[in-house]
Each structure stands twice: as C-alpha cells, then as structure tokens.
Amino acid sequence: MAGAAGGGGGADFQWCFSQVKGAIDEDVAEADIISTVEFNYTGDLLATGDKGGRVVIFQREQENKSRPHSRGEYNVYSTFQSHEPEFDYLKSLEIEEKINKIRWLPQQNAAHFLLSTNDKTIKLWKISERDKRAEGYNLKDEDGRLRDPFRITALRVPILKPMDLMVEASPRRIFANAHTYHINSISVNSDHETYLSADDLRINLWHLEITDRSFNIVDIKPANMEELTEVITAAEFHPHHCNVFVYSSSKGTIRLCDMRSSALCDRHSKFFEEPEDPSSRSFFSEIISSISDVKFSHSGRYMMTRDYLSVKVWDLNMENRPVETYQVHEYLRSKLCSLYENDCIFDKFECCWNGSDSAIMTGSYNNFFRMFDRNTRRDITLEASRESSKPRAILKPRKVCTGGKRKKDEISVDSLDFNKKILHTAWHPTENIIAVAATNNLYIFQDKMN
Amino acid sequence: MSAESPEPASAEEQKEMEDKVISPEKVEEAKLKARYPHLGQKPGGSDFLRKRLQKGQKYFDSGDYNMAKAKMKNKQLPTATPDKTEVTGDHIPTPQDLPQRKPSLVASKLAG
C-alpha cells in the first residue's frame, strides 16, 4: 500500500484538511493575493509572499504530547514588508512590490535566511530570534533613558534575562539594478555561495556576499528587438551540480547550460524540446506551450515543466521528448478562445515534486489542484475550499464533467470559476504536508496517516 | 450485444470520418479569427512578447509637468478625472494625477 515513509504515493492515500490562513471576506484586496509559497529545507518554516510586498513566515509547532491532535500545526513566526512600490523616473516604469519568488538558503547557524524578489530587486533577509535581553546597564535606565553620569556611584555587570520570544527580520543584502526586464526566477546554488536571477531576456549570477556586481551568464536579447521571438520564463540551478542550470522559454523549450564550458552560456549544452505535429498547429499552440515553471527533481535526474494544459517530466539524459506527460485540465482545450479573451491563457501555474519524487502536484481553476503519482499513474483532483475546511476532514476527490451528462458531484466545464486559480503550491521536503495558495488564502493539507 | 457484426468501413468512408473530426483547438482558433479578423499574423510572436516586456510602463512628460506647475500658480488647469488610470493624451499630467502607489502599511491578513 502506498504512503510509505518519505512521502510516497501522493495520489494513493487520503488528504485531510489541516489549516487555512487568511481572511474569509468576499472582497479580496489585491495586496492580499498570495504570489509565492515556499517551504524551507527542513519543512519547519513555510514562507508566503503577496502582491502587497509582504512576507509571512509560518513555523511548525513541535509535536506536543499533551495535545496529540495538534500534529505539528503551522503558526505565524514572522511577518515583514519586503518590498515597496517604486517608480523608475528615468524609464517611466512603475515597479510593483509584488513578491515574485522566495527561496530559502540552507541553514548554517541559528538564524534563517531567505531571498525574496520583486520585478527588479532581490533582497536577502535574515530572520533571527531574540529570547534574552540585557538588564542592569550602567549608563542607561531600564526604559533606555540616559542616566546622569555624575549620579552613578557604583558599577554593575549587566545580566541576561529571558524575555518573550521576538522574531526579527532584517534586510542584510539588497541586490539591485541588475535587471532591465522583469525578474521571474531566483535559484540558490548547491554551493550555498551563489545564486541566479532570471528576467525575460537575461540571467545573472550573484555571490550572496556581493551586491555591487553580478555576472551575466545568459543573454538572449536580439540586436534588433523586432526579431524577438521568445523570452525566458523560468530558471533553476541543478540541486547537486553547482555548474549546471536550466532555463525554460515561452516557446516550450528548455536549455541546460554548463558554466564550466564558457563564461557566457548563450550556447546550451542540452536542448529539450518535444517534437510537434505541424498539422495540429494553431494560433494557440505557441501560447499554450509556453513553460510557466521548471523544477528539478530532488534526485537531480529529472526535471518537470508546466505549460498551460500539462505537466511533463523530462529525463536529463533524453532531450528529444519528455518521459512522462500528465494532462492537468485537457477539457480547457475547447475553451481556448474565451480563455484568450479573458487573459487566463497567460496564467502562470507552478508545479512541485514531493520529497521522494514519486508524486507531482500543480494547480488549476475553480480552486482545484491536481496530484499525479508517477509510479501508479493514478491522479486525483482536490479542491481548496472553505466548505471542506473542518479539522482533519478528508478531502473528497473532484471531477470535471466534459461530456453531456453530468453525474452528481461532478462540475461542468462551464461552471468552473476562472477567477479562483491555484497558481502556487508547495510540498514539504520530507513529509506529506502540502501548502496551497488560493488567491488570498493559504490552505495546509496533511495525509491521514501522518 | 448486436447479432450482426459491423461491416468494415471502406477506405473512403474512413477518410470522410477523419475529415469531420477537427481538433477542438482548431475550432477555437476559427472562433477567435471570426471575432478578431485582424489578429496578428504572427501568433504569440513579437507583438505579444513586446507587450509583456513593457509591463508597468507609465507615461509622464517632465516638460508637460513643469509647464503645468508653472501655470498652476495663476489658474487651475483641467486635471484628470479621478478614475482615469492612463495619464496620457488630452490633458496635462500633474503629480497628483499619477496613480498613487501606496505601500502596504497594513499587515498581511495571513498573519492575523
């Protein structure tokens, strides 16, 4: 039976509601829309970024023997304003404060570090705890007022006293002015010293300690902008080989680059593209083939790409086609015209692996999200909704009816709410705990066996 | 279960069946072309990409702004209606017209 230790078989066992964060009101303020979700390396911390430039970090509570049902709930640990809206006067360009991506650094000491980015600027934040404070200063009072030095007649040694835990976030580095176009990805290297940032046309390599210099490693800007045919949509470093990274394009291709081969990686080492049947080409072909997310498997052997209608798993050793293709919502193929008119066809869905790479997950519309088990080939559609939000309630699989006769409990394609899109999901690195962002709400689900 | 076994379709009948099955994507394409006959010759090509690269572009003419500031000392100039988002064209933009982007002073409701 599935559900082995290490997070196996995502679609085989049952998922239960655990928690939901965020307001219930119908009127969603644009600033509250969640734009990124990311677990840290241990899964103890879960970070979200929103359109208002704010970051909220949740921490998993320690398992409590006196409250066996708390089962490691996530509660607010820290929140801060990461980015502010800006106006570039030279270019007449409005710079949104929306957090496009958050990536955690591996933990090296007591503090936690993460990178957060908007369209133009990447920031390194340090999140540290303070649970002690010094009391008994000589030169100032307990409330901080300076004491009159002439009144001091004796010296004392300040002592450390415990205080209520305070979590502080401070910006340690600001990596600015390196991107002409809009940043879509950041990725921390396995060397833990460098990271890359990618915009529509260029990819830069940074050292985490150095903010006034970055190396350009990919530049696909044509000499004549009229000749522009594709843009970079996502980029990621290989999880183990610090010289390897991939980037995906709006034309549905992925290029793997090796930084050892040359300083400027305009020429790829590998080129991944699935051959297309030319007779099936339509106006929509290129748009729906645009890759919105690319993620290496934890093993580093595979990578996964998400385009508008499907998720594909690629073996890094095979460039001419993916090894697995999963249909997310094929029924939308006959709705492409209206999806183009309401711009939904440009929605950028993300995808993620579970800890053991045996399952993958991605979002869809109507607050549905999909999970695929790579071993059993079974898939499941679940919904993030307030209706199924009772503690430990098992999520019921959902089904979209494509044909004429709609069975009970099925929902027809025309009834789907295209404003309820799940673009961002995250899977705990080792356990079967998932975080699903539904507009302004964050849902946390766990498997029943946990 | 039918008592008779169906006759194998002839080659001609098969081709006729294939022609009738048009991909749903092509049906959608036909719908789009019918509604927007002038839609670009290069689908998903340069126009669409260039629009993507220009996201966030606002238009502000410093010359207009300074002229307006100078004139405002004497009289009130026509300013944009409050709900106008594009500050271009038929009136002189002033700093008050540019849509104010207030930073989020309110804490996130996820932390509430």
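Q: Which residues of strand β20 (residues 293-296) of chain A point the other way from A:D293 and A:K295?
A: This is a predicted model, in which local features need pLDDT of at least 70 and side-chain atom pairs count only at pLDDT 80 or more, whereas totals for chains, interfaces and linings use all residues. Residues are numbered from 1 along each chain as its sequence is written, chains are lettered from A and ligands numbered from 1 in the order in which they are written, and side-chain values use heavy atoms, with hydrogens and water left out. Strands are DSSP runs of E with at least two residues, helices are runs of H or I with at least four, and both are numbered from the N terminus. All four residues of β20(A) are buried (under 20% relative accessible area, with exposed over 50% and partly exposed in between, for a 1.4 Å probe and protein chains only), and those that point the other way are A:V294 and A:F296.

Q: In β21(A), which residue is the bridge partner of A:V294?
A: Strands β20(A) and β21(A), the latter covering residues 302-306, pair in the antiparallel sense over four bridges, where pairing requires that DSSP finds at least two bridges between two strands. Within β21(A), the partner of A:V294 is A:T305.

Q: Which residue takes a positive phi in the hairpin of β20(A) and β21(A)?
A: Five residues lie between the two strands of this hairpin. The positive phi, near 85°, belongs to A:G300.

Q: How many residues apart in sequence are the parts that the pair of A:F349 and A:Y365 ties together?
A: The two rings form an edge-to-face pair, 5.3 Å centre to centre with 85° between the planes; rings of Phe, Tyr and Trp (its six-membered ring) pair if their centres lie within 6.5 Å, and planes under 30 degrees apart count as stacked, over 60 as edge-to-face and the rest as tilted. Both residues are buried, A:F349 at 1% relative accessibility and A:Y365 at 2%. Because A:F349 lies in the loop between α2 and β24 of chain A and A:Y365 in the loop between β25 and β26 of chain A, the pair ties together parts whose separation in sequence, in residues, is 16.

Q: Over the ring of which residue does the charged end of A:R374 sit?
A: A charge sits over a ring if NZ of Lys or CZ of Arg is within 6 Å of the ring centre and within 35 degrees of the ring normal. The charged end of A:R374 is 4.7 Å from the centre of the ring in question, which belongs to A:Y302.
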